[in-house]
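I opened this notebook to record what I looked up in the model, topic by topic.

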Amino acid sequence: MTVADWLAALERRAELRAKAGLTRTLRPRAADDAVVDLAGNDYLGLATHPEVTAAAARALSAYGLGATGSRLVRGSTDAHHALEDTLAEWLGADRALVFSSGYLANLGAVRALVQPRTLLVSDAHNHASLIDGCRISGAETVVTPHADVDAVAAALAAAPGRPAVVVTESVFSVDGDLAPLARLHAVARAHGALLLVDDAHALGVTGPGGAGGVAAAGLAGQPDVVVTATLSKALGGSGGVVAGPAEFVRHLVETGRTFIFDTALPPAVAAGVRAAVALARAGDELRAELADRAALAVRRLGAAGLTVSAPDAAVVSVTAPGPEAATTWAADCRDRGVAVGCFRPPSTPDSRSRLRLTISAGVPRAEFERALEVIVECAP
Ligand SMILES: Cc1ncc(COP(=O)(O)O)c(C=O)c1O
């Protein structure tokens, strides 16, 4: 194949995506972007909180821009240790280890949980990072229908005597629904399996003191539960965390490829996220506001005849007639100053296209309410 053939093949694939309404384009974003943001994941508005940016700025001037290497090679800063201690305490876990992204935390955690003959039982709506974690772990993976505890039990029962891990999100990123965590844990425990929960969309948003979906389900600190989360959503920063038994965290430090062979989270980000955790823990009022706004979104959009998911946290999914309609709807909203997420296959776990609204307590209430009207007025 010549280079010209290769480029022509890429061009043909881009044309096919365009025909299917699946083109993705990068849009410019100015620092003073005045858009009402219902597309990002800054649920509590902490990304720009002055205490968060001040803590990051102090560490930035102390340590410089980047970590300059992995922690095993370059050393492990106070900012990393302090953040890990804070996260472990908040999550009620024995220990926590931070990664440079939530994606890498999931890849590392799934792979580190796999032993010879392990069976992974993965929910059909799981995030790409969990799916990829299952794939690169090389373990046999059974994908079970969404939130189907009986199917999980059947998959485990069909593999007696084998190590197994049940892999799920807590609040699912596309539809915002909550996994039946307590029942999944009971089934996993009955079969001697471990439970891995990605708490990305619940941390800071649900649970006591915002400690997330695992804590809300009463599973914090259980020795057969491993929690992962991104630090980039309600905590407004960047990075990921894996929390669980000390033995597992040690195993990750010594064998986790996405920890060992990756430049560490910048210390300035670690310091900023730690300040965000303190604010999130004290953020019951922000969480109440989020819940109120989510309920309002369902009422307003539902009253306009739109099909809206019943949100268990701050993700609201609104069904679109198809991928092109979803793209046009989101673009029309943006033209009127409202940013919403646009999810189309293959980024959706089924064939449905949707708008995804991620509600933020950082958006002024009046602007949020106006945004709901804009979404209704732009509906196809
Ligand atoms: C459920 C879930 N897990 C993991 C990630 C990845 O986290 P990060 O963006 O920090 O890589 C995301 C999205 O960003 C997510 O929605």
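**Conventions.** I am working from a predicted model, in which local features need pLDDT of at least 70, side-chain atom pairs count only at pLDDT 80 or more, and totals for chains, interfaces and linings use all residues. Residues are numbered from 1 along each chain as its sequence is written, and side-chain values use heavy atoms, with hydrogens and water left out.

**Overall fold.** I looked up the secondary structure of the protein chain and found 15 helices and 11 strands, where helices (H or I, at least four residues) and strands (E, at least two) are DSSP runs numbered from the N terminus. The radius of gyration of the protein chain is 21 Å, close to the 21 Å that the globule rule gives for 380 residues, so the chain is as compact as a globular protein of that length; the radius is taken over C-alpha atoms, and the rule is 2.2 Å times the number of residues to the power 0.38. Along the principal axes, the C-alpha atoms fill a box of roughly 55 × 55 × 50 Å. I also noted that buried residues make up 50% of the 380 residues in the protein chain, with buried meaning under 20% relative accessible area, exposed over 50%, and partly exposed in between (1.4 Å probe, protein chains only).

**Ligand.** Which residues come nearest to the ligand? Of the 15 residues around the ligand, they are Gly102, Tyr103, Asp198, His201 and Thr230, a residue being near if one of its heavy atoms lies within 4 Å. By class, I have 2 nonpolar, 10 polar and 3 charged residues in this shell; Ala, Val, Leu, Ile, Met, Phe, Trp, Tyr, Cys and Pro count as nonpolar, Asp, Glu, Lys and Arg as charged, and the others, Gly among them, as polar. Helix H5 (residues 102-113) gives the most to the shell, with 3 residues.

**Cysteines.** How many disulfides are there? Taking a disulfide as a pair of cysteine sulfur atoms within 2.5 Å, I count 0 disulfides. Cysteine 333 is in none, and the nearest cysteine sulfur, that of cysteine 378, is 4.3 Å away; cysteine 333 is buried, at 0% relative accessible area. The sulfur of cysteine 342 is 10.0 Å from the closest cysteine sulfur, in cysteine 333, which is too far for a bond, and cysteine 342 is partly exposed at 26%.

**Single residues.** Most residues other than glycine have a negative phi. I therefore noted threonine 68, whose phi is near 65° and which is exposed at 57% relative accessibility, in the loop between helix H2 (50-63) and helix H3 (71-74). Alanine 147 has a phi near 55° and is partly exposed at 32%, in the loop between strand E4 (140-144) and helix H7 (149-157).
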